[in-house]
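Take a moment with the sequence and the 3D view before reading on.

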Amino acid sequence: MPKPAALVRLEDELARRPKELTQAKAQGKRILGYFCSYIPEELVWASGLIPVRLCRRGDNQAATIGRSFLTTNSCPFACSCVGLKKQGRDPYFKLVDLVADAPACLQMRRVFEVWERYFGVKVILLSFPRKFYLPEASEYFARMLEPFTRELSDYSRIPVTPERLSRAVELYNHIRRRQQRLYSLLREDPPPITWRDVFRIIHAGFVLDREMYRDILDELLEEILPQPHTNRPPQARLLLAGSIMAPGDEKLFNILGELDAEPVMDELCTGSRGTWGQVDAPNEGSLARHYLTNIPCSSLPYPRLEDDPRHAHISRLIKDYRIQGVIYHTLHFCDAYNFKVQHLHNLLSSYSIPLLHLNSDYSMADAGQIRTRVEAFLEIIQDRSA
């Protein structure tokens, strides 16, 4: 099946994007980088800054460099975020003028300290309520968005007016609706697009001009919806969950592809998690409610397992996407996600759904072992489906 023209255009725009950002900087525009999906990007866009999510898979060399600034038992992603900045080769890490974040992950909080102290990068931290589930949390977060917005405007010298914020909310709501439409297509058997393509499309939205990205999403859906479904059904209907999987982190995906084990859905902060819901009004209160009531990161503690919103969300995904097995991928030293494996196992046991926990890093040393474990996991699913 030929690749959709809109997907080809998306890849071409991604190849051109670093040069476009370089030209934008030469024209006086400023680029704001961020790591965590809890940053309300609507405010960044409305302030006239160019938002770029600094979410890139590192390698052993970058992680080793990062550990010299952090610790040897820091997660590979945090270490790579430092190492990639130190190396200065990645265009997005190199081009950003400042970074902003609402660090739900405590390891990433240290990354910002390093960026500011050792690399001289201006950092804007957005105070985030860890007790996100309390009624007072939205009020607190909305108050914190006010000084955050002022800092953005002071840096860009463009005020966030009601008109600009309204345009931003409309733009991002549109993008989320289109992303959700793509994910909804994965419920079909076979789907008109693969999960891996959807995942890469989501990643493209981290760096591309957002209005261009919106238009490409519209074109893509117009192109693929009328087409007959020619993709092969996956070997098993898998849900992928766990630690952050940054663009370029292809080890597990390649193994799954070799075994014809394409996932049909994910529960990842770099995938579907940021696509749910809409901002109901262009103001700080609505933005705060949207970002706090979205599917929570596992690094945020929730006191009651019986009504944990993340578990409730996974339960819905299991039903809606007819999930037969869950692959839970964690990075080494990602305690927030590693500590909750047993809780997820207990939840899945109630549905008689098997769980495969893979704990890894960015090296290829354990690729053979992972492949063997995935093969055995697929056999378990097949036996249960027989």
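## Basis of the model

This is a predicted model, in which local features need pLDDT of at least 70, side-chain atom pairs count only at pLDDT 80 or more, and totals for chains, interfaces and linings use all residues. Residues are numbered from 1 along each chain as its sequence is written, and side-chain values use heavy atoms, with hydrogens and water left out.

Helices (H or I, at least four residues) and strands (E, at least two) are DSSP runs, numbered from the N terminus.

## Helix α6

Helix α6 covers residues 106-119. Its 14 residues should span 20 Å at 1.5 Å a residue. The expected span is 1.5 Å times one less than the number of residues. The end C-alpha atoms of α6 are 20 Å apart, which agrees.

Five names make up the buried set of α6: M108, V111, F112, V114 and W115. They cover an arc of only 160 degrees around the axis, so they sit on the same side of α6. The arc is that of the directions from the helix axis to the C-beta atoms. An α-helix has 3.6 residues a turn, so residues three or four places apart point the same way. On the other side of α6, L106 and R117 are exposed. Buried means under 20% relative accessible area, exposed over 50%, and partly exposed in between (1.4 Å probe, protein chains only).

What covers the buried residues? The cover includes α4 (76-87), α5 (91-95), β3 (98-101) and β4 (122-125). Contact here means heavy atoms within 4.5 Å. Just after α6 comes G120, with a positive phi of about 65 degrees.

## Backbone features in loops

D189 and P190 are joined by a cis peptide bond, with omega at about 5 degrees. P190 belongs to the loop between α8 and α9 (195-204).

R322 is not a glycine, yet its phi is positive, about 50 degrees. It lies in the loop between α13 (309-320) and β7 (325-331). R322 is partly exposed, at a relative accessible area of 39%. F333, also a residue other than glycine, has a positive phi near 70 degrees. Its loop runs between β7 and α14. F333 counts as partly exposed, at 38% relative accessibility.

Pockets and cavities come from a 1 Å grid over the protein atoms alone. A pocket is an open set of points with protein on both sides within 12 Å along at least five of seven lines. A cavity is a set of points where a 1.4 Å probe fits but cannot get out. Lining residues have an atom within 4 Å of a point. Grid points are joined across faces, edges and corners, and a volume is the space filled by probe spheres set on the points.

The largest pocket holds about 980 Å³ of space. It has 50 lining residues, and F35, C36, S37, R53 and C269 are the closest to its centre. The elements that give two or more residues to this lining are α6, α8 (162-185), α10 (210-224), α12 (284-293) and α14 (335-338). By class, the lining has 28 nonpolar, 14 polar and eight charged residues. Ala, Val, Leu, Ile, Met, Phe, Trp, Tyr, Cys and Pro count as nonpolar, Asp, Glu, Lys and Arg as charged, and the others, Gly among them, as polar.

The second largest pocket holds about 550 Å³. Of its 23 lining residues, A24, K29, G48, L49 and I50 lie nearest its centre. At least two lining residues come from each of α1 (5-26), β2 (50-53), α7 (135-156), α8 and α10. The most come from α1, which gives four. This lining has eight nonpolar, five polar and 10 charged residues.

## The cavities

How many cavities of 30 Å³ or more does a search of the whole structure find? It finds two. The largest cavity holds about 50 Å³. Its lining is F132, P296, C297, S298, L300, Y302, D308, R310 and K340. Five of these are nonpolar, one is polar and three are charged.

The second largest cavity has a volume of about 30 Å³. W195, R196, F253, L256, G257, E262 and P263 line it.
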